[in-house]
Amino acid sequence: MMSSQSSIPCMMIRGGTSKGAYFLASDLPTDIAARDALLLAAMGSPDPRQVDGIGGAHPLTSKVAIVSKSDLPGCDIDFLFCQVGVDKPLVDTTPNCGNILAGIAPFAIERRLITATSPQTRVTVRTVNTGTIAELTVETPDGVPDYGGTARIDGVPGTASPVAIVFLDAAGSVCGSLLPTGNVVDTVAGVPVTLIDNGMPCVVLAASSVGRTGYEPRDVLDKDTELKARLEEIRLAAGPLMNLGDVGPKVVPKMILVAPPKAGGAVSTRSFIPHECHASIGVFAAVTVATACALPGSPAAAVAVMPEGPVKTLSVEHPTGEFSVRLELGGTVERPVVERAGLLRTARPLFDGRVFIRPGVNVAWPAAVAAE
């Protein structure tokens, strides 16, 4: 008997190298406080293990997508991304998330917000958090999503059907401009950095500037309390410069250490999100770092090996492999402009059903959900 518990429709989807709970906006309370209380309860937060919810006890697996049809001309779907705190009662809607974005088109088709076409379906998605618009193309032979395929991304076992993503206007989506200070290089807390936002606010700095190689294993960096303290000092000082205010309680900006490539790519990275070292690198962080590599004089450009020509595919190395970003550059060699940025992800539904909310959480349910 589960009659004492409320429940809500939910689909769990792996998007890229993350996974999250996907909800229709119409199934959630419109009041933000009530919505956040529900999401925290659903994920099992705050608790380091998230044992009483469906969260995965890590920032990469404690994410939520809230999805609806868009009323913006030229857009099909609106997507609100929520980073749910693991051990803190926090629901942060400040950042983008390109990995969870990868699951939006399949979810919209499965929930019949979009009618699929054959052999592919193209879905234009607005990330409500920042206004960023992306075009997603998914494989839908016979008008049905195909989750099997030969596409492979590092950080995910096996292969799956590709999700092609092209960002149409990511520059400055959170900070207001690509370079919020107007400078390619700033000195923050005594360290040369690039403060940049091409979909994700990032502080990009040479690993050597904080006494590291940039090739250390992720678990070593995760235990490096001295490094983490130094990065947090830089991050807190960078926040106001990036128009983000006090970033102490926020998950942005991300901190990215760069070094010369070691496996034939364009640049090696170690990213912090912001207090844990990422096992790979986030979608928008990869796009933003690749953009920094294209800016002459930046710490990233100083260590990067760049392909020739205005259309560049940059392999961004990370602890578990690489992430390929395609940049189309305009402008001049001295002052390049990123006109389009694209990449490949995969996504797959993991379960579809209802998530039960523990008793004692007071939720103002929408009428349609309350009646179920």
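The model is predicted: local features need pLDDT of at least 70, side-chain atom pairs count only at pLDDT 80 or more, and totals for chains, interfaces and linings use all residues. Residues are numbered from 1 along each chain as its sequence is written, and side-chain values use heavy atoms, without hydrogens or water.

**Cavity**

The search of the whole structure finds 1 cavity of 30 Å³ or more. A cavity here is a set of points, on a 1 Å grid over the protein atoms alone, where a 1.4 Å probe fits but cannot get out. The largest cavity holds about 80 Å³, a volume being the space filled by probe spheres set on the points. Lining residues have an atom within 4 Å of a point. Among them are Pro106, Ile109, Tyr147, Ser161 and Ala347. Helix 3 (104-110), strand 7 (132-139) and strand 8 (162-167) each give at least two lining residues. Helices (H or I, at least four residues) and strands (E, at least two) are DSSP runs, numbered from the N terminus.

**Strand 8**

Val163, Ile165 and Phe167 form the covered face of strand 8, and Pro162, Ala164 and Val166 the uncovered one. Two strands pair if DSSP finds at least two bridges between them.

| Strands | Sense | Bridges |
|---|---|---|
| Strand 7 and strand 8 | antiparallel | 5 bridges |
| Strand 8 and strand 16 (336-357) | antiparallel | 6 bridges |

Glu135 has Val166 of strand 8 as its bridge partner. Val163 stands opposite Arg345 in strand 16. Val163 also lines the largest cavity.

Terms used
On a 1 Å grid over the protein atoms alone, a cavity is a set of points where a 1.4 Å probe fits but cannot get out, and a pocket is an open set with protein on both sides within 12 Å along at least five of seven lines; lining residues have an atom within 4 Å of a point. Buried means under 20% relative accessible area, exposed over 50%, partly exposed in between (1.4 Å probe, protein chains only).
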